[in-house]
Amino acid sequence: MEEKTNHIKLKQKGWKWAFLILLTIVLGIVIWFFTQMTAVIQGEPNLSEVSQKDEMTFQIQAHKEDLNQLVTKYIDEELSNEAVEFDFLLEDQAQLLGTFQLFGHDVQFSLFLEPFVMENGNLQFKATKIAVGSLNLPISFAMNLIKEQLKVPAWVAINSEKELIVFNLNEFYLESGMHFSASKIDLTEDDIRLNVHLPAK
């Protein structure tokens, strides 16, 4: 009789531990999803005008292919990241393509963005669609995942709640002091115009 009682107690203990482990896993998943649904905001759009005193400014017209080569070179040299491999391409829309880790697995993503030139020459990209493998995830959720794993330069602002990415070009300077502002970006007509600002001295 005592042996049977001990067996029942052991069985109950086993179920108790199994329940606690399951509860921990479920809670962990719920907390993780809640974290991912919380908006990620990195930086802010810089609305200030850059003073063009002591600068020479000229405009260049570029094509999508030219900028794709330039951006690829910049990403390879400045933003290489072991966690996330990505490319930024201009086609009919701007696209952020890459692979990130989800539950220990590589998942491919494509984030489609509509570009706009801001009044001060910065570039704003509004997310219009995202494809994450075969998953149908909300854009803000996927942007949170991307932001967590992507090495983003300080001059890029991300607001997953508003589904916006802003390139604060007025914060991006080359070592020579040269910087850029956008004047026009028309991907349909393949007409992209950039102002190049050079120090006069």
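**A predicted chain of three helices and 10 strands**

Strands β5 and β6 form a hairpin with five residues between them, and in the turn G121 has a positive phi of about 90°. Helices and strands are here DSSP runs, numbered from the N terminus, a helix (H or I) having at least four residues and a strand (E) at least two. The structure is a predicted model, in which local features need pLDDT of at least 70 and side-chain atom pairs count only at pLDDT 80 or more, while totals for chains, interfaces and linings use all residues. Residues are numbered from 1 along each chain as its sequence is written, and side-chain values use heavy atoms, with hydrogens and water left out.

The mean pLDDT (the predictor's confidence in each residue, from 0 to 100) of the protein chain is 82, and 87% of the residues reach 70 or more. Confidence is lowest in strand β1 (residues 41–42), with a mean of 65, and highest in β9, with a mean of 93. Where pLDDT is low, the predicted coordinates should not be read in detail.

Along the sequence, the protein chain follows the pattern α-β-β-α-β-β-β-β-α-β-β-β-β. Of its 201 residues, 39% count as buried, a term that means under 20% relative accessible area, whereas exposed means over 50% and partly exposed lies in between (1.4 Å probe, protein chains only). Among the contacts (heavy atoms within 4.5 Å) with a separation of 6 or more, 53% are accounted for by residues 24 or more positions apart.

Strands β5 (residues 105–117) and β6 (residues 123–132) run antiparallel and are joined by nine bridges, and L111 has I130 of β6 as its bridge partner. Strand β6 also pairs with β8 in the antiparallel sense, over four bridges, where the bridge partner of L123 is F167 of β8. Beyond its neighbours within four places in sequence, F167 is in contact with F88, N122, L123, F125, W155 and V156.

F167 also belongs to the largest nonpolar core, which has 40 residues and in which F88, L96, L111, L113, I165 and F167 have the most contacts. The largest share of this core, six residues, comes from helix α3 (residues 139–149). A nonpolar core is defined as a set of buried Ala, Val, Leu, Ile, Met, Phe, Trp, Tyr and Cys residues joined through side-chain atoms within 4.5 Å. In soluble globular proteins, nonpolar side chains tend to be buried together.

Helix α3 also holds S140, which is buried, with a relative accessible area of 19%. Apart from neighbours within four places in sequence, S140 is in contact with S160 and E163. E163 lies in the loop between β7 (156–159) and β8 (164–167) and has a positive phi of about 60° although it is not a glycine. A second residue other than glycine with a positive phi, near 55°, is D190, which is placed in the loop between β9 (179–186) and β10 (191–199) and counts as partly exposed because its relative accessibility is 24%.

In α2, K64, L67, N68 and I75 are buried. Seen down the helix axis, the buried residues of α2 fall within an arc of 105° (taken from the directions from the axis to the C-beta atoms), so they line one face of the helix. These buried residues pack against β2, β3 (85–90) and β10, whereas the face turned away from the buried side carries the exposed residues E65, Q69, L70, D76 and E77.

Strand β2 (residues 55–62) includes I60, which at 32% relative accessibility counts as partly exposed. The C-alpha atoms of I60 and V196 are separated by 7.3 Å, although these residues are 136 residues apart along the chain. Not counting residues up to four places away in sequence, I60 touches I192, R193, L194 and V196. M56 is also placed in strand β2 and, at 45% relative accessibility, counts as partly exposed. M56 and V196 are 140 residues apart in sequence and 8.1 Å apart in space, C-alpha to C-alpha, and the contacts of M56, leaving aside neighbours within four places in sequence, are V196, H197, L198, P199 and A200.

Definitions and conventions:
Two strands pair if DSSP finds at least two bridges between them.
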